[in-house]
Amino acid sequence: MQHVKIPQDRIGVLIGEGGATLREIEDRAEVRLDVDSETGQVKVEQTGDPLTALKGPDIVKAIGRGFAPEEAMRLLDDEMMMFDIIDIDAAARNRNDLQRHKGRLIGEDGRTRELMEELSGASVVIYGSTLGIIGGPEQVDTVREAAEMIIEGAPHGTVYSFLEEKHNEMKHKGLDYHKFTG
């Protein structure tokens, strides 16, 4: 059994209307979820296939970090799918620095975050003081590297060029990627 803590405002999303999302996660990930809506603590207990159940805590964490349940459930689509979090706050010196980093990662009208998704094929969410990524290993590494470049102060143009280069490499290797549809 594992314990995952999620923010209060994401508990409703995890449970879903009438508990539908919670039941779907339990069925598909072969786990049992025990949600404490007071504290945000979620107990994740394996009920079926241990390998499938390993994705259960990541699905809960992903929903807690701002992903829509459908996006988080993509972790079950392929054994190579992974969830990663970048703690933006850890790179910030103060609140203003955190806001600046978040603003640069999101970009004007959300364009930087969108390009990270489009060119890597991963799903990217910025929520609170974290950036969450769902995708294959190479997709996740690409977004992580691009995000780190932005946090370290690289010009957006340089990061976009890096993303395009990685996109072309993945395309050349024939790696599947999903085109972000909005």
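These notebook entries record what I looked up in a predicted model.

**Entry 1: annotated domains**

I began with the UniProt record. Its unreviewed entry carries the annotation "domain: K Homology" for residues 1–81 and 82–152. I then looked up the secondary structure of each span. Residues 1–81 are 40% helix and 20% strand, and the end C-alpha atoms of that span lie 22 Å apart. For residues 82–152 I noted 52% helix and 24% strand, with the end C-alpha atoms 24 Å apart.

**Entry 2: Thr 21**

I next examined Thr 21, which lies in helix α2, residues 20–29. Is Thr 21 buried or exposed? Its relative accessibility is 15%, and because buried means under 20%, Thr 21 counts as buried. I also listed its neighbours, leaving out residues up to four places away in sequence. Thr 21 touches Val 13, Leu 14, Ile 15, Gly 16 and Pro 69.

**Entry 3: helices α6 and α8**

I turned to the pair formed by α6 (residues 95–106) and α8 (residues 137–151). Their axes come within 9 Å and cross at roughly 130°. I recorded the crossing of α6 and α8 as right-handed. Which residues meet here? From α6 I noted His 101, Arg 104 and Leu 105, and from α8 Ala 147, Ile 150 and Ile 151. By class, this contact of α6 with α8 has four nonpolar residues, one polar and one charged.

**Entry 4: helices α7 and α9**

My last pair was α7 (residues 111–120) with α9 (residues 156–173). The axes come within 8 Å of each other and cross at roughly 20°. Angles under 35 degrees count as roughly parallel, and α7 and α9 are therefore roughly parallel to each other. I recorded the crossing of α7 and α9 as left-handed. On the α7 side, the residues in contact are Thr 112, Leu 115, Met 116, Glu 118, Leu 119 and Ser 120. They meet His 156, Tyr 160, Leu 163, Glu 164, His 167 and Met 170 of α9. I sorted the residues of this contact of α7 with α9 by class and found six nonpolar, four polar and two charged.

For reference, I set the two helix pairs together. The α6 and α8 crossing is right-handed, whereas that of α7 and α9 is left-handed. The α6 and α8 axes cross at roughly 130°, and the α7 and α9 axes at roughly 20°.

Technical notes
Residues are numbered from 1 along each chain as its sequence is written. This is a predicted model: local features need pLDDT of at least 70, side-chain atom pairs count only at pLDDT 80 or more; totals for chains, interfaces and linings use all residues. Side-chain values use heavy atoms; hydrogens and water are left out. Axes are lines fitted to C-alpha atoms, for helices over the stretch in contact, and angles run from 0 to 180 degrees between N-to-C directions. Helices (H or I, at least four residues) and strands (E, at least two) are DSSP runs, numbered from the N terminus. Angles under 35 degrees count as roughly parallel, over 145 as roughly antiparallel, 65 to 115 as roughly perpendicular and the rest as oblique. A crossing is left-handed if the near helix is turned anticlockwise from the far one by less than a right angle, and right-handed if clockwise. Contact means heavy atoms within 4.5 Å. Ala, Val, Leu, Ile, Met, Phe, Trp, Tyr, Cys and Pro count as nonpolar, Asp, Glu, Lys and Arg as charged, and the others, Gly among them, as polar. Buried means under 20% relative accessible area, exposed over 50%, partly exposed in between (1.4 Å probe, protein chains only). UniProt positions are given in the numbering used here, feature names are shortened, and annotations may be inferred rather than shown by experiment.
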